[in-house]
Amino acid sequence: MTSTELESSALPPAPRHPFTGARIEAMVSRAIVGFGVVFGVLVLPQLIAQQPHLPQPFAGVQALALCACLAWAAVAAIVGSGIRIATASFAALYLVVTLLWPATAGDRPIDGTPWLWMLCTVASAYAAVGLRVWLAAAYALCAPALFGVVMIIVPGAGGGRDAVLNAVYSAIVGSVILTIATMLRAAAAHVDTAQRAALDGYERGVREHMGEAERVEVDALVHDSVLTTLLAAAGARTPEAQRLAAHMARDALGHLSSSKAPPAPQSAPEDMTDAAALLAGIRTAAAAVPHPPVITAAGALAQPIPTGVAEALRDAAVQAMLNSSQHAGGPDVARTVTLAALGAAGGVRLTIADDGTGFDPAHVDSRRLGIANSIVQRVEIVGGLARVESAPGAGTVIALAWPASGASA
């Protein structure tokens with residue numbers, strides 16, 4: 001597998017609905033806009049009742065402008081675009097209307113608290129959406145303070161005590177909303193950072209895994225095709241053995257030539273075969289082994305298996321048969337290969353056994369690739385499990401299982 005293939009196949013899939021800061025920002029913005037719309041609806045009766053006592057059309061234009069900004073923010077929240085501009089515009093317009101209120105109200109008495117007061121918390125909340133944090137914090141304090149001063153200046157607007165209480169109330173509510181929004185944004189930023197770190201770690205792990213898989217594949221190819229051929233040629237004493245060594249040499253050259261060409265496309269995850277095809281592949285390969293084993297099968301051979309897994313199991317089984325043929329003894333050694341399809345549990349189990357000379361697995365040279373790479377790692381790379389049991393004079397049993405849980409099935 002080339003580096004280009006690694007980059008295209010090792011990258012983790014992008015989450016379909018990631019929990020990111022952008023989503024949190026959208027949720028917070030829509031919640032605050034919804035809060036403002038509710039307050040705007042509640043203030044309408046008071047706004048309508050006080051309009052006859054205010055100079056027209058000056059007061060009406062101000063009210064319509066604020067209501068239009070409120071509706072603009074609601075539409076922006078629904079379509080998911082332009083929320084920051086709409087909310088920032090409402091916050092700025094509210095300050096303008098508040099500054100103009102002494103000129104708007106004049107000396108005319110107004111029954112109750114001016115309708116503009118109920119929108120002060122809305123303006124502070126919208127500032128938390130449309131402005132930077134420090135500007136929103138300043139707004140949450142300055143807007144209520146400005147409105148309190150206006151209430152004190154305008155006759156009949158509630159007096160000093162009510163002005164202070166209303167200003168403090170608006171400042172508290174606006175500060176609480178800003179604090180909650182800031183905390184949610186900070187939490188979302190931490191989630192984004194953790195998610196990026198997790199994806200980076202996953203990508204590194206996959207790349208390392210693919211690199212290890214490539215190394216095992218190359219080592220197995222060298223051992224299976226080249227070293228096995230050299231060993232067979234070194235021990236060829238009869239014409240039949242010499243013909244077999246020549247055939248293996250041609251196969252080795254073919255493998256090495258094909259490895260220099262652009263790699264064939266990897267099997268897609270959905271490419272499947274079955275246990276029957278795996279058994280047929282093992283039978284075909286066993287026919288070329290100098291001392292072929294007796295092959296038996298059990299279970300439902302229609303058991304589906306991923307194509308890549310079947311290839312790995314077949315190649316590992318072939319290597320085990322070659323090892324037995326070369327090291328366990330002559331034709332008088334009993335050799336068997338058993339394929340069991342684990343229908344209910346899913347998966348397959350392969351057992352390659354002989355009653356030959358055996359060996360001590362603990363004393364196998366680490367530089368020998370036949371068992372470690374061509375059998376054990378080849379199966380583990382595809383999610384299976386390989387176990388080698390042997391002892392001098394007691395024969396050898398190699399158990400291959402896929403998936404790994406099938407080893408205990």
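Colleague: Why is Phe35 called partly exposed?

Modeller: Phe35 has a relative accessibility of 24%. Buried means under 20% relative accessible area and exposed over 50%, with partly exposed in between (1.4 Å probe, protein chains only), so Phe35 counts as partly exposed. This is a predicted model: local features need pLDDT of at least 70, side-chain atom pairs count only at pLDDT 80 or more, and totals for chains, interfaces and linings use all residues. Residues are numbered from 1 along each chain as its sequence is written, and side-chain values use heavy atoms, leaving out hydrogens and water.

Colleague: What makes Phe90 and Tyr126 an edge-to-face pair?

Modeller: Rings of Phe, Tyr and Trp (its six-membered ring) pair if their centres lie within 6.5 Å; planes under 30 degrees apart are stacked, over 60 edge-to-face, and the rest tilted. For Phe90 and Tyr126 the centres are 5.2 Å apart and the planes at 65°, so the pair is edge-to-face. Both residues are buried.

Colleague: Why is the pair of Phe35 and Phe39 called tilted?

Modeller: The ring centres of Phe35 and Phe39 are 4.6 Å apart and the planes lie at 45°, so the pair is tilted.

Colleague: How do you know that Ser325 is buried?

Modeller: The relative accessible area of Ser325 is 8%, so Ser325 is buried.

Colleague: What does Ser325 touch?

Modeller: Contact means heavy atoms within 4.5 Å. Not counting residues up to four places away in sequence, Ser325 touches Val289, Pro290, His291 and Arg335.

Colleague: Why is Ile180 called partly exposed?

Modeller: Ile180 has 46% relative accessibility and therefore counts as partly exposed.
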